[in-house]
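This briefing goes through one protein model by topic. Please have the sequence and the structure open while reading.

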Amino acid sequence: MPTPSPDRPPEPDPQPTSGYAAGPAPEDKAAVRGRLRRLRREQVPGRDRAADGEAIALAALRAAREAGVGRGDWVAAYESMPTEPPTEALVAAFVARGVRVLLPLTLADWDLDWREAGSGTALGLDAVGRAKVVFVPAHGVDVDGTRIGQGKGCYDRALPRTAATLVAVVHPWELLEDDLPRESHDRAVDAVVTAEGGLRRLPAPSGDAFPGPAGSR
C-alpha cells in the first residue's frame, strides 16, 4: 500500500514521463518543461509573493463563485512550492468563507490521495470527486487549455476521478500563445488564474494576446 507524503514532490529534473505516453511527445514535453523552469528561476525572485498571493486568491474566489461553490461545498487546491505562484492566501480565503478545501497527498506511485485543509487524515483517491472546482499547478498553459505539469503524471492519474471545473494557477508569463505538446490522456483546463491577469476562461478567443517576458513563448 503506497504511503502518503504530506508534501508535494520536489520539481524533478526534466525527463520523459513513463507509463502515460509513447513516442516523441515526452521528449517534447521535457524540453518545454525545462525551458519554463528556467524562466521561473529567472523571474520569480523579482515577484512580490504577498501581492501575487492576494491577487490569485481573489481570482480563485471568482472562479469558485461562477462555478456555484457555496459554504460547505468542496474545492481542491494544493500547497505551492517556492517557485510556484503562491496559494496560501487562496486556501485561507476559502476556509474563511466556510468552503472545504482538499489538499493532495502524493503517494509512492505518484497518485494523489487527499486530505482536508487543517487535517492530516487521508480521505482516499476518490475524494477529489467531491470538489466543484479543482485548482491545479502547472508550468504553463496554452490558449486552448493544454497544461504542462511536473512530469510525474500525478494529476493525469487524479483528474479522471472528477468532473469539476479545472483551473490552472500559473505565473503571468506562463500563459502561452504557442501550442503546448498534448497527448490523448491530457485533460484541458477550463480556466487559468494569474496574479496580473486574474481569471481567464479557456480556450481563449482568437487573437487574444497573453504578454510574457522575452523567451516565454
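Which strands does α3 lie across, and at about what angle does α3 run to β2? The strands are β1 (74-76), β2 and β4, and the angle to β2 is about 140°. The model is predicted. Its protein has four helices and ten strands, and 52% of the 217 residues are buried.

**Overall make-up**

- Read from the N terminus, the order of elements is α-α-β-α-β-β-β-β-β-α-β-β-β-β.
- Among contacts with a separation of 6 or more, 74% are between residues 24 or more positions apart.

**The seven-stranded sheet**

- Seven strands form an open sheet with mixed pairing, in the order β3-β2-β1-β4-β7-β9-β10.
- Its edge strands, β3 and β10, each pair on one side only.
- On average, neighbouring strands of the sheet are turned by 30° against each other, with direction ignored.
- Strands of a sheet pair through backbone hydrogen bonds, in either the parallel or the antiparallel sense.
- The pairing of β7 with β9 is parallel and runs over three bridges; Val167 stands opposite Ala191 in β9.
- The pairing of β2 with β3 is antiparallel and runs over five bridges; Pro104 has Trp114 in β3 as its bridge partner.
- Although β3 is an edge strand, four of its five residues are buried, leaving the strand mostly covered.

**The β2-β3 hairpin**

- β2 and β3 form a hairpin, with five residues between the two strands.
- Trp110 is located in this loop, between β2 (100-106) and β3 (112-116).
- Trp110 takes a positive phi of about 70°, although it is not a glycine.
- Is Trp110 buried, partly exposed or exposed? Trp110 is partly exposed, because its relative accessible area of 28% falls between the 20% limit for buried and the 50% limit for exposed.

**Helix α2**

- Helix α2 covers residues 49-66, which is 18 residues.
- From first C-alpha to last, α2 reaches 26 Å, close to the 26 Å expected at 1.5 Å a residue.
- At the start of the helix, Asp48 places a side-chain oxygen within 3.2 Å of the backbone nitrogen of Ala50.
- Just after the helix, Gly68 has a positive phi of about 85°.
- α2 lies across β4, β7, β9 and β10, and runs at about 40° to β10.
- The buried residues of α2 are Asp52, Gly53, Ile56, Ala57, Ala59, Ala60, Leu61, Ala63 and Ala64.
- The cover over these buried residues includes α3 (88-96), along with the strands β4 (131-137), β7 (165-169), β9 (191-194) and β10 (198-201).

**The segment after β10**

- Where is Pro203 placed? Pro203 is in the segment after β10.
- The peptide bond from Leu202 to Pro203 is cis, and its omega is near 0°.

**Points to locate in the viewer**

- For the sheet, start at the edge strand β3 and follow the order through to the other edge strand, β10.
- For backbone geometry, look at the positive phi of Trp110, the positive phi of Gly68 and the cis peptide bond from Leu202 to Pro203.

Conventions:
Residues are numbered from 1 along each chain as its sequence is written. This is a predicted model: local features need pLDDT of at least 70, side-chain atom pairs count only at pLDDT 80 or more; totals for chains, interfaces and linings use all residues. Side-chain values use heavy atoms; hydrogens and water are left out. The expected span of a helix is 1.5 Å times one less than its number of residues. Buried means under 20% relative accessible area, exposed over 50%, partly exposed in between (1.4 Å probe, protein chains only). Contact means heavy atoms within 4.5 Å. A polar contact is a pair of N or O atoms within 3.5 Å; within protein, one must be able to donate a hydrogen and the other to accept it, and residues adjacent in sequence count only if both atoms are side-chain atoms. Two strands pair if DSSP finds at least two bridges between them. Axes are lines fitted to C-alpha atoms, for helices over the stretch in contact, and angles run from 0 to 180 degrees between N-to-C directions.
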